[in-house]
Amino acid sequence: MFEYVEKIKNADLKNYSTFKIGGKGTILFPKCVCELKKVIADCKKNGLDYFILGNGSNVLFPDYDLKIILISLKNFKKIKKNGNFLQVDAGVNLFFLNKYCLDNCLSGLEWSYGIPASFGGLVYMNGGAYGSSIGEFIERVKVLKNGKVMWIDKNSLNFSYRTSNIDGIIICAEIHLKSEDKMKIEEKQRYFFECRKNTQPLEYPSAGSVFKRKGEIFPAKIIDNLNLKGTTIGGAEISQQHAGFIINKHNAKAIDVLALISYIKRKTNLNLEEEIVVLR
Ligand SMILES: Cc1cc2nc3c(=O)[nH]c(=O)nc-3n(C[C@H](O)[C@H](O)[C@H](O)COP(=O)(O)OP(=O)(O)OC[C@H]3O[C@@H](n4cnc5c(N)ncnc54)[C@H](O)[C@@H]3O)c2cc1C
């Protein structure tokens with residue numbers, strides 16, 4: 001099966017998640033919408049579950065071998081420019097997109113500099129930082145849903161905190177940016193990256209903030225107030241630097257991270273909801 005598509009069987013999933021945790025699994029890399037459609041149709045025909053993988057910066061893979069088929073859109077990597085509008089493919093890496101914006105004097109996404117995500121993953125999660133989020137810049141999104149490719153206009157899109165109403169596989173999206181002096185863009189990118197480096201444990205593998213904010217409740221603050229920073233289970237640790245992050249300190253297993261998540265939930269007693277996607 002799937003002989004027509006680029007694939008890795010028995011892939012070491014550690015290498016496909018910024019957590020650097022996981023057993024083995026099959027990853028398919030369609031190179032165009034036609035192949036993507038065929039892959040999805042074949043999964044359905046054969047009763048196989050699938051999961052769209054972006055850059056794996058918000059996922060926790062299990063320690064055991066994953067039955068679900070992973071579909072990566074890393075081969076969808078074009079950016080088309082039309083004035084201040086960019087049509088960006090889902091597989092475009094955010095570092096690359098920020099570099100493209102810098103080279104083309106387009107401003108708006110500087111806050112995202114340093115998020116280790118794919119563009120598709122960022123749009124799907126409505127990722128954001130420092131008071132901005134990607135939804136604000138979206139004009140329309142192209143999705144594959146029920147075997148059909150369609151554009152969804154911004155009037156039909158609903159972005160809220162770390163979520164959107166996008167139902168389907170994001171193929172690309174159009175964003176609207178502003179013209180800006182290159183030096184100013186570079187300055188902003190550097191500023192936001194410095195902010196990240198100063199507050200986040202970037203030297204350790206992680207999946208960013210583990211829990212979603214709950215209204216005005218910031219999980220990191222509550223965890224910090226409970227003096228839980230530095231708590232360790234197996235190889236996983238609540239970061240000393242940012243209480244919202246669980247880091248893979250020393251060959252952590254998914255079960256270590258999950259145990260730490262349960263521990264935090266018990267201690268905070270706030271019914272916290274995970275922002276990270278846990279695959280089982
Ligand atoms: C060090 C670090 C810092 C971070 N900082 C931030 C931050 O400042 N702000 C923030 O919001 N997040 C942050 N994150 C979390 C993470 O980068 C974001 O959630 C990001 O949007 C996930 O993108 P991804 O491409 O890695 O998606 P993945 O982690 O691979 O997937 C996340 C979800 O998106 C879905 N998905 C991915 N691509 C598509 C697609 N093409 N179509 C449909 N669904 C898709 C997946 O199925 C999954 O449900 C950080 C993570 C790390 C490790």
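Biologist: Which residue stands opposite Leu 86 of β7?

Modeller: In this predicted model, Lys 81 stands opposite Leu 86.

Biologist: What makes β6 and β7 a pair of strands?

Modeller: Pairing requires at least two bridges between the strands. Strand β6 (residues 79-82) and strand β7 (residues 85-89) have four bridges, in the antiparallel sense, so they count as paired by the cut-off of at least two. Two residues lie between the strands of this hairpin, where Gly 83 takes a positive phi near 60°.

Biologist: How do you know that β19 and β20 pair?

Modeller: Strand β19 (residues 236-238) and strand β20 (residues 245-248) share three bridges in the antiparallel sense, and at least two are needed. Ile 238 has Ile 246 in β20 as its bridge partner. Both strands belong to an open sheet of four strands, in the order β17-β20-β19-β18, with antiparallel pairing.

Biologist: Why are β17 and β18 called edge strands?

Modeller: β17 (206-209) and β18 (232-233) each pair on one side only.

Biologist: How do you know what span to expect of helix α1?

Modeller: The expected span is 1.5 Å times one less than the number of residues. Helix α1 (residues 33-45) has 13 residues, for which 18 Å is expected, and the helix reaches 18 Å from its first C-alpha to its last. After α1 comes Gly 47, with a positive phi near 65°.

Biologist: Which residues of α1 are buried, and why are they said to line one face?

Modeller: They are Glu 35, Leu 36, Val 39, Ile 40, Asp 42 and Cys 43. Seen down the axis of α1, these buried residues fall within an arc of 165°, so they line one face of the helix. In general, an α-helix has 3.6 residues a turn, so residues three or four places apart point the same way. Cys 34, Lys 44 and Lys 45 are exposed on the other side of α1.

Biologist: What do the buried residues of α1 pack against?

Modeller: Their partners are β2 (24-29), β3 (50-53), β5 (69-72), β11 (138-145) and β15 (169-176).

Biologist: How many aromatic pairs does the structure hold, and why is that of Trp 111 and Phe 137 called stacked?

Modeller: There are five aromatic pairs. The ring centres of Trp 111 and Phe 137 are 6.4 Å apart and the planes stand at 25°. Centres within 6.5 Å make a pair, and planes under 30 degrees apart count as stacked, so Trp 111 and Phe 137 are a stacked pair. Both residues are buried.

Biologist: What makes the pair of Tyr 130 and Phe 192 stacked?

Modeller: The centres of the two rings are 5.2 Å apart and their planes are at 25°, so this pair is stacked. The pair links distant parts of the chain, with Tyr 130 in the loop between β9 (128-129) and β10 and Phe 192 in helix α4 (residues 182-199), 62 residues apart.

Biologist: Why is Phe 192 called buried and Tyr 130 partly exposed?

Modeller: Buried means under 20% relative accessible area, and exposed means over 50%. Phe 192 has 16%, so this residue is buried. Tyr 130, at 39%, counts as partly exposed.

Biologist: How do you know that the charged end of Lys 38 sits over a ring?

Modeller: The distance cut-off is within 6 Å of the ring centre, and the charge must also be within 35 degrees of the ring normal. The charged end of Lys 38 is 4.6 Å from the ring centre of Tyr 4 and sits over that ring. Likewise, the charged end of Arg 213 sits over the ring of Tyr 161, 4.5 Å from its centre.

Terms used:
Residues are numbered from 1 along each chain as its sequence is written. This is a predicted model: local features need pLDDT of at least 70, side-chain atom pairs count only at pLDDT 80 or more; totals for chains, interfaces and linings use all residues. Side-chain values use heavy atoms; hydrogens and water are left out. Buried means under 20% relative accessible area, exposed over 50%, partly exposed in between (1.4 Å probe, protein chains only). The arc is that of the directions from the helix axis to the C-beta atoms. Contact means heavy atoms within 4.5 Å. Rings of Phe, Tyr and Trp (its six-membered ring) pair if their centres lie within 6.5 Å; planes under 30 degrees apart count as stacked, over 60 as edge-to-face and the rest as tilted.
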